[in-house]
Amino acid sequence: MEVISSIGRRKTSVARIYMTAGNGEITVNNRTLEDYFPSEILRTIVRQPLNIVEVDGSYDIKVNVDGGGPAGQAEAIRLAVSRGLVDIDTEFRPPLKKEGFLTRDPRMVERKKYGRRKARRRFQFSKR
C-alpha cells in the first residue's frame, strides 16, 4: 500500500498530508473532518480538489496541520491534497491548475510598523 505525502501552506498554516487508497476517511489532527471543521464551508474547501477530479471517497487522508486559523488551515490542506493528487496521477494536473488549487497563495499579514497603530493605520491626528 503506497503512501503519498505532500505539504501545503497558507498564511502561517502548514499542512502535512498522507494519502492512501481507501474509502474516503479524512482525519485532521487525529479528529474527524466534521469534528475539526464544524463549518460546512471549510469542509467543502478541503474536499474541492477531490470533487474536481471525481475521486472523492477513494482515498484515506491523514492530515497534520499546525498554525494559523481555521480558514488558513483549510486552504493549506486543499493545496496539500491537490499536490498529492498530482503525485498520484499527472492527468489530474490540468483541471486542478485551472481551478488554481496548485498555486501557493503568497499573501501574508503585513508586519506592524513603529509609530503606527497597525501596519498602515496611523494614530488619530489632532490639530490642536
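Modeller: A quick word on burial first: buried means under 20% relative accessible area, exposed means over 50%, and partly exposed is in between, using a 1.4 Å probe and protein chains only. This is a predicted model, so local features need pLDDT of at least 70 and side-chain atom pairs count only at pLDDT 80 or more, while totals for chains, interfaces and linings use all residues. Residues are numbered from 1 along each chain as its sequence is written, and side-chain values use heavy atoms, with hydrogens and water left out.

The part I'd pick is the loop between β3 and β4 (31–32), where Asn 29 sits; strands are DSSP E runs of at least two residues and helices H or I runs of at least four, numbered from the N terminus. Most residues other than glycine have a negative phi. Asn 29, though not a glycine, has a positive phi of about 50 degrees. Asn 30 is in that loop too, and its phi is also positive, near 60 degrees. As for accessibility, Asn 29 is partly exposed at 27%, whereas Asn 30 is exposed at 64%.

Now the nonpolar core, meaning buried Ala, Val, Leu, Ile, Met, Phe, Trp, Tyr and Cys residues joined through side-chain atoms within 4.5 Å. The largest one has 30 residues, and Val 28 and Phe 37 are among those touching the most other members. β3 (26–28) gives this core at least two residues, as does α1 (33–36). The largest share, seven residues, comes from α3.
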